[in-house]
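Subject: Structure for you to look at

Hello,

Here is the structure you asked about. Please open it and keep it in view while you read the notes that follow.

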Amino acid sequence: MQLTAHTDYSLRLLIYMAVRTDAEPATVQDVALHYGISANHVAKVARTLVQLGYLTSHRGRGGGLELTRAPNEINIGEVVRNTENLRLLECFGPNSTCPIEPGCALKGVLGEALQAFIDVLDRYMLSDVVENRQELRGLLAKQAAS
C-alpha cells in the first residue's frame, strides 16, 4: 500500500507536534523547515488536521498550531482513515462499473488485505511512534540546520 503525500505529511506534522518541547505553538514555517518540505503543503495538511480535530490553530502574534489531544489519544489508524482515500479499486466505491464485480474474488482478497493494514495501524497511538523523542528531535534539528 502507498499512502498519499497528504497522509504522509499529516503523520509527520503530528509527530513533530508530539516531540517538540517548546511551550509556544508551532508555526507552519517551523514544520516545513524541520522536514524540508513546502510550507504550502504543510498549511494544507494543518487545515485538514484542524478540521479533523487533531490540532488547534491560533491566529496572530504568538499564534500557531497545538495538539488538541495527548499523543496517547491519537490513533494512527484513525488518522490514516481520516486523511486517506482507502478505496483501492473502483469497485470499492458506490458507483462501480466493473462487469465482473458481483462474482469477483479479487475484491474480497484486496478488502481483506486493506483490513489487515488498517488493523495493524489501529494498534498504534501517536505516543507509540514517538517513544524515541530525543532521537527524533535531533534528526529534525539536523534537517533544519542544513
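In which helix is the place of His34? His34 sits in helix α2, which covers residues 28-35. Please keep in mind that this is a predicted model.

His34 has a relative accessible area of 18%. Buried means under 20%, so His34 counts as buried. A polar atom of the His34 side chain lies 2.7 Å from the backbone oxygen of Asp30. If residues up to four places away in sequence are left out, His34 touches Tyr16, Leu140, Ala141, Gln143 and Ala144. To get a sense of scale, find Cys104, which is 70 residues from His34 along the chain. The C-alpha atoms of His34 and Cys104 are separated by 46 Å.

Now the chain as a whole. The protein chain has seven helices and two strands. Along the sequence they follow the pattern α-α-α-β-β-α-α-α-α. The C-alpha atoms fill a box of roughly 60 × 30 × 30 Å, taken along the principal axes. There are 146 residues in the protein chain, and 35% of them count as buried. Among the contacts with a separation of 6 or more, 65% are between residues 24 or more positions apart. The accessible surface of the protein chain comes to about 8,800 Å², and carbon and sulfur atoms account for 52% of that surface.

Next, the two strands. How do β1 and β2 run, and how many bridges join them? Strand β1 (residues 55-58) and strand β2 (residues 64-67) run antiparallel and are joined by four bridges. Five residues lie between the strands of the hairpin, where Gly60 takes a positive phi near 85°. As a general point, side chains in a regular strand alternate between the two faces of the sheet.

Asn75 is found in the loop between β2 and α4. Is Asn75 buried or exposed? Asn75 counts as buried because its relative accessibility is 12%. The side chain of Asn75 has a polar atom 2.9 Å from the backbone nitrogen of Glu78. A polar atom of that side chain also lies 3.5 Å from the backbone oxygen of Tyr124. Apart from neighbours within four places in sequence, Asn75 is in contact with Arg81, Leu121, Asp122, Tyr124 and Met125.

Last, the surface. Which residues make the nonpolar patch of about 440 Å²? The patch is made by Met1, Leu88, Leu89, Leu106 and Val109. One of these, Val109, lies in helix α5, which covers residues 105-122.

Regards

Key:
Residues are numbered from 1 along each chain as its sequence is written. This is a predicted model: local features need pLDDT of at least 70, side-chain atom pairs count only at pLDDT 80 or more; totals for chains, interfaces and linings use all residues. Side-chain values use heavy atoms; hydrogens and water are left out. Buried means under 20% relative accessible area, exposed over 50%, partly exposed in between (1.4 Å probe, protein chains only). A polar contact is a pair of N or O atoms within 3.5 Å; within protein, one must be able to donate a hydrogen and the other to accept it, and residues adjacent in sequence count only if both atoms are side-chain atoms. Contact means heavy atoms within 4.5 Å. Patches are made of residues with over 30% relative accessible area and no salt bridge: like charges are joined within 9 Å, nonpolar side chains (Val, Leu, Ile, Met, Phe, Trp, Tyr) within 5 Å. Accessible areas come from the Shrake-Rupley method with a 1.4 Å probe; for residues, only the protein chains shown count as cover. A salt bridge is a side-chain nitrogen of Lys or Arg within 4 Å of a carboxyl oxygen of Asp or Glu. Two strands pair if DSSP finds at least two bridges between them.
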